[in-house]
Amino acid sequence: MQPATTPALDQRRSRVHDAVRELMAEQGFRISMDAVAARAGCSKQTLYAHFGSKQELLRSVIAEHQEPATARLSPAVEDPRQALLAFAEEHLRRLCDPSVVATRRLLMAEAHQFPQEAQALYSDACDTLVQRLAAWLQHAMDQGRLRHDDPHYAAELLLSMMTGLDFDRQHFGVPHRASAKARGRWAGFAVDAFLRAFAPATPDHESPAPAVPGRRLRSLPTPSPTSRKRNGASP
């Protein structure tokens, strides 16, 4: 159980989290509790007393990183577009943070050298994000705001649509959607496309067959031409 928080504990946790983020960008998977303690200005015993292990410390940092985006996915929000757009914009904003970009590059380069650490990090970060988004989508489907289908497939599809090719642009050092305006435009395009694909059935259309867990999403009819300007790949 986490100890009760106080302003002093919150400040120390913030220093520790900042130290972890800095060291991950510099050292990747080689980060140690000794290095974190030295950077944060505390003892290693203090780190273990509050976090228990290096893995739990990393989970705490990841959870803090994801919380601002996933907090937008409140079940009380009745407008799926409003919730998903807020989630997408915050998620993309954090993924474009220069320190996050630098850390991701280093971790991906080192993943083959530290397979267990890489798999644990993927599980704590990516899998957890998919699970949370899938749970929200399942709730929206149960409420009739989205058509029923496999929520985990839908979550993975939406996350892929949200990021587009920006990961590749960042890794290859070419211009990406670094501005809030560019990210917001792309987020709206991706969310609107997703909502069209998962729009609930109307009385004029036959309800789709129940989703079978693990199956691929059905192909959707080709939409009619539209006069709306296409959002291109350029930032």
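**Cavities, a pocket and helix contacts in a predicted model**

Good morning. In the second largest cavity, the largest share of the lining comes from helix α9, which gives three residues. Please keep in mind that the structure before you is a predicted model.

Let me stay with this cavity for a moment. Which residues line the second largest cavity? They are Leu92, Leu95, Cys96, Thr163, Asp166, Phe167 and Gln170. Besides α9, helix α5 also supplies at least two residues of this lining. Sorted by class, the lining has four nonpolar residues, two polar residues and one charged residue.

I turn now to the largest pocket. Its volume is about 1,200 Å³. The pocket is lined by 37 residues, and those closest to its centre are Leu95, Arg104, Leu121, Ala125 and Cys126. Several helices take part: α1 (7–27), α4 (54–70), α5 (80–95), α6 (98–110), α7 (115–142), α8 (151–163) and α9 (166–171) each give two or more residues to the lining. Which element gives the largest share? That is α7, with nine residues. By class, the lining of the largest pocket has 21 nonpolar, 11 polar and five charged residues.

Next, I would like to consider how two of the helices meet. In general, two packed helices are described by the angle between their axes and the distance between the axes. For α1 and α4, the axes come within 10 Å and cross at roughly 95°. An angle of 65 to 115 degrees counts as roughly perpendicular, and α1 and α4 are therefore roughly perpendicular to each other. On the α1 side, the contact is made by Arg13, Val16, His17, Val20, Arg21 and Met24. On the α4 side, Leu57, Leu58, Ser60, Val61 and Glu64 take part. By class, this contact has six nonpolar, two polar and three charged residues.

Finally, a word on charged pairs. How many salt bridges does the structure hold? There are 15. One of them joins Glu110 and Arg30, with the closest N and O atoms 2.3 Å apart. This pair links distant parts of the chain, as Glu110 lies in helix α6 and Arg30 in the loop between α1 and α2 (33–40), 80 residues apart.

Thank you for your attention.

Key: Residues numbered from 1 in each chain as written. Predicted model: local features only at pLDDT ≥ 70, side-chain atom pairs only at ≥ 80, totals over all residues. Heavy atoms only, no water. 1 Å grid on protein atoms, 1.4 Å probe; cavity = no way out; pocket = protein on both sides within 12 Å on 5 of 7 lines; lining within 4 Å. Points joined across faces, edges and corners; volume = space filled by probe spheres on them. Helix = DSSP H or I, 4+ residues; strand = E, 2+ residues; numbered from the N terminus. Nonpolar A, V, L, I, M, F, W, Y, C, P; charged D, E, K, R; others polar. Axes fitted to C-alpha atoms, helices over the stretch in contact; angles between N-to-C directions. Parallel < 35°, antiparallel > 145°, perpendicular 65-115°, else oblique. Contact = heavy atoms within 4.5 Å. Salt bridge = Lys/Arg side-chain N within 4 Å of Asp/Glu carboxyl O.
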